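Student: Hi! I've got a structure open and would like to talk through a few parts of it. Could you help me look around?

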Amino acid sequence: MQKKVVHPLLGEILYVKSAKNKTLRLTVTPAGCLRVSFPVLVSFSTAKRFVEENLEKILAFTGRVRAQQALMRQQTTPYTARELQQIRAKAREILPESLEKNAKRLNQTVKVRNMAGIAMHNPFSYNRLFIKNNRSNWGSCSSKRNINLNMHLVELPEELRDFVIIHELCHLVYPNHGEKFHALVNLSCGGKEKEYSRTLRKYSHLLKRNT
């Protein structure tokens, strides 16, 4: 059984009595409606009284949930043409310099040896940079030693942007994701590969917005 009421402070509330419920439970639907689920032995009046007696806490709870829902909707709303134009312009200004800076630093500080044990000269030197509006990855490296970077990298914190660039530069040495590759990435970013990888996943919504 269900009853829907409009509360002056909480807005729309859906009271749901169900045999599946063992306790009274509060949730907020994707539409922002407060849902109060309770066992069949609990009356509607008891459920309503519970809401009124805990109104302050419930207001705080629904406020937090609705704010999170609003943020998620904003994060997954496709970019406008103007937003994409601004991001692309910023990427063309920042990414070439960031890539050159990181390549120069790695060539100067990270020693890489070939199969014969001889130190390689400038192993992180790339051919060309392409800035793309990718929907599935932050960057890639081609067999022609071209680096492809997602223009949305400029929306990341600088340390994560550099981490992605370092990752792709290391593919110039190891075109795979084997142990040696990850060891090189970890060395090149100060031992923080796993930390940066975990943090980077928190920004996946930027790629989802680009669909």
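Student: Which residue of β4 does T27 stand opposite?
Tutor: T27 stands opposite R35 in β4. Keep in mind as we go that this is a predicted model.

Student: Ok, and what about V28?
Tutor: V28 has L34 of β4 opposite.

Student: In which sense do β3 and β4 pair?
Tutor: Strand β3, residues 25-28, and strand β4, residues 34-38, pair in the antiparallel sense over four bridges. There are five residues between the strands of this hairpin. One of the residues to look at is G32, which takes a positive phi near 90 degrees in the hairpin.

Student: And how does β2 pair with β4, parallel or antiparallel?
Tutor: Strand β2, residues 11-17, pairs with β4 in the parallel sense, over five bridges. K17, for instance, has F38 in β4 as its bridge partner.

Student: How many residues of β4 are buried?
Tutor: Four of the five are buried, so β4 is largely enclosed by the rest of the structure.

Student: You mentioned F38. Which aromatic ring does F38 pair with?
Tutor: F38 pairs with F44, edge-to-face, at 5.3 Å centre to centre and with 85 degrees between the planes. Both of these residues, F38 and F44, are buried. The structure holds two aromatic pairs. F163 and Y196 form a pair with ring centres 5.5 Å apart and planes at 50 degrees, so this pair counts as tilted.

Student: Where do F163 and Y196 lie?
Tutor: F163 is in helix α4 and Y196 in helix α6, so their pair ties together parts that are 33 residues apart in sequence. F163 and Y196 are both buried.

Student: New topic, the largest pocket. How much space lies in there?
Tutor: The largest pocket holds about 420 Å³ of space. Its lining has 21 residues, and the closest to the pocket centre are G139, H167, E168, H171 and H177.

Student: How do the lining residues divide into nonpolar, polar and charged?
Tutor: Seven are nonpolar, 10 are polar and four are charged.

Student: Cysteines next. How many disulfides are there?
Tutor: The count comes to zero disulfides. Take C170: the closest cysteine sulfur to its own belongs to C189, at 8.0 Å, which is too far for a bond. The cut-off for a disulfide is 2.5 Å between the sulfur atoms.

Student: Is C170 buried or exposed?
Tutor: C170 counts as buried, because its relative accessibility is 0%. C33 also counts as buried, at 9% relative accessibility.

Student: How far is K48 from C33?
Tutor: K48 and C33 are 15 residues apart in sequence and 15 Å apart in space, C-alpha to C-alpha. K48 has its place in helix α1, residues 44-53. With a relative accessible area of 32%, K48 is partly exposed.

Student: Last one: where does N148 lie?
Tutor: N148 lies in strand β7, residues 147-150. N148 is buried, since its relative accessible area is 9% and the cut-off for buried is under 20%.

Terms used
Residues are numbered from 1 along each chain as its sequence is written. This is a predicted model: local features need pLDDT of at least 70, side-chain atom pairs count only at pLDDT 80 or more; totals for chains, interfaces and linings use all residues. Side-chain values use heavy atoms; hydrogens and water are left out. Buried means under 20% relative accessible area, exposed over 50%, partly exposed in between (1.4 Å probe, protein chains only). On a 1 Å grid over the protein atoms alone, a cavity is a set of points where a 1.4 Å probe fits but cannot get out, and a pocket is an open set with protein on both sides within 12 Å along at least five of seven lines; lining residues have an atom within 4 Å of a point. Grid points are joined across faces, edges and corners, and a volume is the space filled by probe spheres set on the points. Ala, Val, Leu, Ile, Met, Phe, Trp, Tyr, Cys and Pro count as nonpolar, Asp, Glu, Lys and Arg as charged, and the others, Gly among them, as polar. Two strands pair if DSSP finds at least two bridges between them. Helices (H or I, at least four residues) and strands (E, at least two) are DSSP runs, numbered from the N terminus. Rings of Phe, Tyr and Trp (its six-membered ring) pair if their centres lie within 6.5 Å; planes under 30 degrees apart count as stacked, over 60 as edge-to-face and the rest as tilted.
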